[in-house]
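The notes follow the order of the look-ups.

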Amino acid sequence: MDQPQTQKATPGPIETREMLLNVGPAHPAMHGIIRIVTKLDGEQVVDADVEIGYLHRGFEKMSETVDYNGVMPYTDRLNYVSPLINNMGYCMAVEKLLGVAVPERCHYIRVILSEISRIADHLTCVGASAMELGAFTVFLYMIKAREFLWELVEMVTGARLTVSYGRVGGVKGDLPEGFAERCRNALRETRRVLAESDALLTRNRIFVDRMSGTGRITPENAISYGITGPFLRSTGVAYDVRKDCPYAVYDQLQFDVPVGTRGDNYDRYLVRMEEMEQSMGIIEQGLRDLPPGPVAVNPETGQPIPAAEMVDQGKAGNIAAIADACATTDPTLEGSAKPRQPNIAVGEKRVFLPSKEDTYGNIEGLMQHFKLVMYGHGIRPPKGEVYFPVEGANGELGFYIVSDGGSKPYRVRVRPPCFFIMSALHKILVGEMAADVIPTFGSVNMIGGELDR
Amino acid sequence: MNAPAMIQAVSERFPAAVKTSHMYRGDATVVLRRESLLGVARVLKEDPAFEMNFLMDLTAVDYSCFGKKSSPAFFSSSGVMVSPSPVIPDADPWPGPTGPERFVVVYHLYSLPLKHRLRLEVPVEEADAEVDSLTSIWGGANWLEREVWDMFGIRFRAHPNLIRILMYEEFAGHPLRKDYPVNKRQPLIGPVN
Amino acid sequence: MSDEAGFLTSRLEEAIGWARKYSIFQYPFVTACCGMEYMATACSHYDVDRFGAGLPRFSPRQADVLFVVGTISHKMLPVLKRIYDQMADPKWVVSFGVCTCTGGFYDNYATVMGIDTVIPVDVYIPGCPPRPEYVLDGLLKLQAKIQAQHLSGHRSAPEPRPEFRP
């Protein structure tokens, strides 16, 4: 019998199924190739499985095939947004193995350039995360600021991104004239950009809603997973390798380490913005305290002597004059008409190449050059193993080097800071919404070259 | 604790577990026996004298051609071979690899409250390349041990998910071993170039 | 198909080529360090938008140029091939950076020695990483190639050298 249908029968429990959503390996987020297989229950992430290795380029295996300075270009491409920090970390690790100490000016140059690299890294990270949330303007502003810094780096090293500026025992070349002025201009422009971005993002309702409360991690979990760097500092643990295990001249520089409280994405954003400001302070102190490099001159005349005259002096038996002097060479050779400043490298003959003026000017320089460049020769440190940590932009970047006395390293291991953060990502993402995956992944600052090496 | 005090404290605390120890360039290194690794690591993490709450790094070294691999001199086709010979003199030389075993698994530990570091080394033979997993103590050990398995072929007992991490599953061999040629490619698709 | 098509067809091909080359929707398949220089080229300093190529489409179905930026490892290569297969014709491939051209200095077990072993490449931009000016030069060469393409998809050789026409 038909009954008038007054209302529909109440539905029973709705059957739901979890959905597998595959984020990557080719995905729009800017930070590199990774695959996150998320299991979603509606919008909530129930489980996440992170798969890496899509950019594995065999850094550790390649380092065993080249000599110690040949590893430098490979280290550039580890954390490719802050290549100078990788260079310096590797150089300092090999110098620890050799037991040599570089001059103070070299330390200051390394610190200044590492901090410039760190600012570039944080600019890229914050800019890319902002773009992924839709704030395209901030990304353009920050990349503009990054261009100013890259122009600075190009002025010093010759390249914008993959610089290979460090050498075992020193740096490749000295800071050019006018660097301090250009640097201060670039920092002023960067401060302006940071002020604009701050005004656009920090109190922006959409940004704050999407970033705060998402991607939380507790300090205990962070320490258990070995996480360091801004990710750890945002949870409240103040661990910074520059403060706790200082290297180079960081113990003589004044700077603060910003620490967050809640360990979520918003705190990481604030920590990175403040760290950029602190890095700029470090650079300014470094420029102020940079020790001058005395120019090596002919002790009799007080002038740098030209290369041809150096040969004549040697023939005349005037060894004392040329042993300490440097020659100015033709402008077409590297070194050119500028008087050389020797305080950028250790004086140890078995480690660092002589300047071009010496290589082409006297026989000792030529022999030193030959012994360091030819196969089978080169830097041959004593047998041993060392571990040297530096503060990378993502955390503690450590190099573990084993040497068997040969000209090629026996084993080079890099402790990649974002590897540990990615290993904890599956735990962080559980319980988040699907839309929170992107800002969380953005604030990890995963750099594929460092994660997969 | 500084490095000598650390070595002394560890050697006194675990006399049966420690094979040798040394301090090279200021890094305290302790060589352990394989069976005692898990117990020592747990104590190092929890004991208030050590409090090593950070497992900074976990890696392995293949010592099979240590000091033996000679390279060509002057240029790559010279035919004149130079064997490894250090030129920088060392006042306090390194004692050398820990024994005849092929692999050594290296752990770097750090204590955040006490700010000291320690390196643990566990020699492992090739025929029986297995070590206890530390995933029950530090969460970070999970992926690190997967990488050591992928690159060296050393297994970790009681690891929850010991599969390859950097290479793809179809890859045969362990690339960072010294007998794996550097440019032996195993493509999934495309020609072997 | 002969090159001397009729007057109207060649005018049509020129017009279509002009329209295509100034409205490039690229799929930036970014993997590694070259991605930083790609970002620099796309942003305000070296602006690639003034060449009409400023809108990246993050879906291969909507893109016509595949910019392969950065090292491709053997683990990633099947993904790249699938992305290339998903793109609709007409499509072009730009190999950005020396790692995609020939493998770079990563001659080891993990790296593909050039993506042209698997997919056809139209423009090679070497450099490690290439400066943004190189990238723009490569883009101009790609635009010249697109302009010279026939309606049948046949690409005549040799490509004309790109000349700057304001």
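**Strand β8 of chain A**

I looked up the partner of β8(A) and found that β8(A) pairs with strand β9 (residues 396-403) of chain A in the antiparallel sense, over eight bridges. Strands pair here if DSSP finds at least two bridges between them; strands (E, at least two residues) and helices (H or I, at least four) are DSSP runs, numbered from the N terminus.

For the record, this is a predicted model, in which local features need pLDDT of at least 70, side-chain atom pairs count only at pLDDT 80 or more, and totals for chains, interfaces and linings use all residues. Residues are numbered from 1 along each chain as its sequence is written, while chains are lettered from A and ligands numbered from 1 in the order in which they are written.

I noted that A:Pro389 stands opposite A:Gly398 in β9(A). The hairpin of β8(A) and β9(A) has four residues between the strands, and A:Gly395 there takes a positive phi near 145°.

Is β8(A) buried or exposed? Eight of the eight residues of β8(A) (residues 384-391) are buried, so the strand is largely enclosed by the rest of the structure. Buried means that 20 or more other C-beta atoms, placed from the backbone, lie within 10 Å of the residue's own. I checked both faces: A:Gly384, A:Val386, A:Phe388 and A:Val390 lie on one side, A:Glu385, A:Tyr387, A:Pro389 and A:Glu391 on the other, and all are buried.

**Domains of chain A**

I recorded domain 1 (61-290 + 379-414) and domain 2 (305-373) of chain A; the bounds come from an automatic or database domain assignment. The contact between them takes 15 residues from domain 1 and 10 residues from domain 2, where contact means C-beta atoms, placed from the backbone, within 7 Å. On the domain 1 side, α4 (104-132) and β5 (170-171) of chain A each give two or more residues, and α4(A) has the largest share, three residues.

**Chain A against chain C**

I found 23 residues of chain A in contact with 25 residues of chain C. On the chain A side, α1 (59-63), α5 (136-157) and α18 (448-452) of chain A give two or more residues, and α5(A) gives the most, with four residues.

**Chain C**

I listed five helices and five strands in chain C, which run α-β-α-β-β-α-β-α-β-α from the N terminus on. Buried residues make up 43% of the 166 residues in chain C. Among contacts in chain C between residues at least 6 apart in sequence, 75% join residues at least 24 apart.

Technical notes: Two residues are in contact if their C-beta atoms, placed from the backbone, lie within 7 Å. A residue is buried if 20 or more other C-beta atoms lie within 10 Å of its own, exposed if 12 or fewer, and partly exposed in between; C-beta atoms are placed from the backbone.
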